[in-house]
Amino acid sequence: MHRAPEEWPPEGLEEVAQSLEFLWIPHALTAGPAMNIPIEPTIYPLPALRFLALSDWKECRPTALVTGGPAWDAVQDRLRLPVVWRGEPQRATLDHWQALLDGVQGEVVYAVGGGLATDAAKFLAARCHLPLVCIPTALSVDAFLTGASGVREGGCVRYIETQPPDLLLVDLDVIAAAPPSLRAAGICDVLSIATALWDWRFAEEQGQNPPEMAYVEWVAEVARGILRGALDCAEAAGAGDPEGLRALLRCLALEVLLCNLVGHSRPEEGSEHYFAYAVENEVGPGRTHAELVGPGILLMARAQGQETAALERALRACHIPLDTIPQEVVNRTLKRLPEYAAHHRLPYSIAHTPGVAAALGGNESTRR
Ligand SMILES: [Zn+2]
């Protein structure tokens with residue numbers, strides 16, 4: 001059935017005001033507290049989420065488009081945007097984003113693509129006080145759902161507060177048509193719960209959690225439920241099945257919401273991400289998040305003494321490349337990991353312990 005394209009914003013001032021109300025929430029928050037009044041950190045909401053065919057969407061506002069070549073190629077025939085400015089971020093560094101900022105024009109920012117475009121667009125929208133719409137071309141990361149952007153700095157990743165997208169538009173046909181290794185690669189940010197929870201509890205037992213990151217069993221229990229959801233949907237999501245992709249997006253959204261509510265990422269981020277940040281220095285830029293985190297999950301789970309068969313099955317079902325990091329680079333990274341984790345003051349985990357490489361026999365493959 002063909003539906004008329006949806007006008008956005010709809011006509012009529014009152015309607016516009018009502019429909020845009022949610023768009024302004026993050027910007028209202030940027031006003032900031034009165035001087036000297038301590039306030040709790042902002043708890044960000046999830047973006048409004050719509051499943052639709054992109055050809056049914058019509059944007060009327062002059063648009064600043066943030067995208068990358070292949071991602072834009074994948075949607076440009078379906079998507080009508082009145083683009084008045086276009087930026088193609090090449091790197092996740094503040095300098096680079098700052099340079100893009102000078103040229104931005106338009107009344108709304110659209111991010112079309114994966115994690116890099118999304119993180120840069122969140123930065124640009126936040127700095128320009130503009131609403132942000134994200135159109136993922138693959139479920140490759142959880143960045144479409146969070147209010148922070150990851151920047152590379154001094155050999156590690158630092159998350160800066162930017163803003164969550166106001167609206168997430170998901171065309172499941174577009175996602176299904178993405179390259180298989182990207183299509184459902186965001187599953188790594190849910191499967192990482194397996195290793196992150198172990199680390200979080202370990203840190204508690206070692207007396208290493210600051211009070212604001214104290215281990216809470218019911219939060220861990222909720223996270224375990226989300227992990228089960230990801231293990232259950234991995235095969236369908238990896239195959240591009242619409243229900244599988246929807247289920248994976250739900251898992252990602254719940255994982256982000258849980259971290260937003262508890263105020264830190266310990267339920268989802270631990271030694272597997274630290275391995276990814278450390279190994280990225282060795283292999284250089286250009287690898288996907290999943291290509292680094294996926295092997296990290298298996299290595300750290302093994303070091304923690306966890307059973308890895310189900311995790312590996314799920315990673316392989318989602319076509320995560322597990323064998324692309326040269327073996328000697330893996331070994332070198334593992335040896336340096338405790339020093340790296342301490343140097344970058346990462347929350348305590350098995351990666352901080354000298355035994356992490358030894359636990360893996362010093363010559364550990366990401367596959368068995
Ligand atoms: Zn991640």
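How are α4 and α5 oriented to each other? The first legend gives the answer.

**Figure 1. Packing of helix α4 against helix α5.** This is a predicted model, in which local features need pLDDT of at least 70 and side-chain atom pairs count only at pLDDT 80 or more, while totals for chains, interfaces and linings use all residues. Residues are numbered from 1 along each chain as its sequence is written. Helix α4 (residues 94-101) packs with helix α5 (residues 115-128) at an angle of about 50°, their axes being 10 Å apart. Axes are lines fitted to C-alpha atoms, for helices over the stretch in contact, and angles run from 0 to 180 degrees between N-to-C directions. Helices (H or I, at least four residues) and strands (E, at least two) are DSSP runs, numbered from the N terminus. The two helices α4 and α5 are therefore oblique to each other (angles under 35 degrees count as roughly parallel, over 145 as roughly antiparallel, 65 to 115 as roughly perpendicular and the rest as oblique). Their crossing is right-handed, that is, the near helix is turned clockwise from the far one by less than a right angle. W97, L100 and L101 of α4 make the contact with A120, F123, L124 and R127 of α5 (C-beta atoms, placed from the backbone, within 7 Å).

**Figure 2. Packing of helix α9 against helix α10.** Helix α9 (residues 193-205) and helix α10 (residues 217-238) pack at about 165°, with axes 10 Å apart. That angle makes α9 roughly antiparallel to α10. In α9, I193, A194 and L197 meet A220, A223, R224, I226 and L227 of α10. By class, this contact of α9 with α10 has seven nonpolar, no polar and one charged residues (Ala, Val, Leu, Ile, Met, Phe, Trp, Tyr, Cys and Pro count as nonpolar, Asp, Glu, Lys and Arg as charged, and the others, Gly among them, as polar).

**Figure 3. The six-stranded sheet.** Six strands, paired in parallel, form an open sheet in the order β2-β10-β7-β6-β4-β5; two strands pair if DSSP finds at least two bridges between them. At the edges stand β2 (48-51) and β5 (83-87), each of which pairs on one side only. Direction ignored, neighbouring strands of this sheet are turned by 20° against each other on average.

**Figure 4. Strand β2 beside strand β10.** β2 and strand β10 (residues 167-170) run parallel and are joined by four bridges. Here A48 stands opposite L167 in β10.

**Figure 5. Helix α5 on the strands.** α5 lies across β4 (63-67), β6 (108-113) and β7 (132-136), and runs at about 170° to β6.

Conventions:
Two residues are in contact if their C-beta atoms, placed from the backbone, lie within 7 Å.
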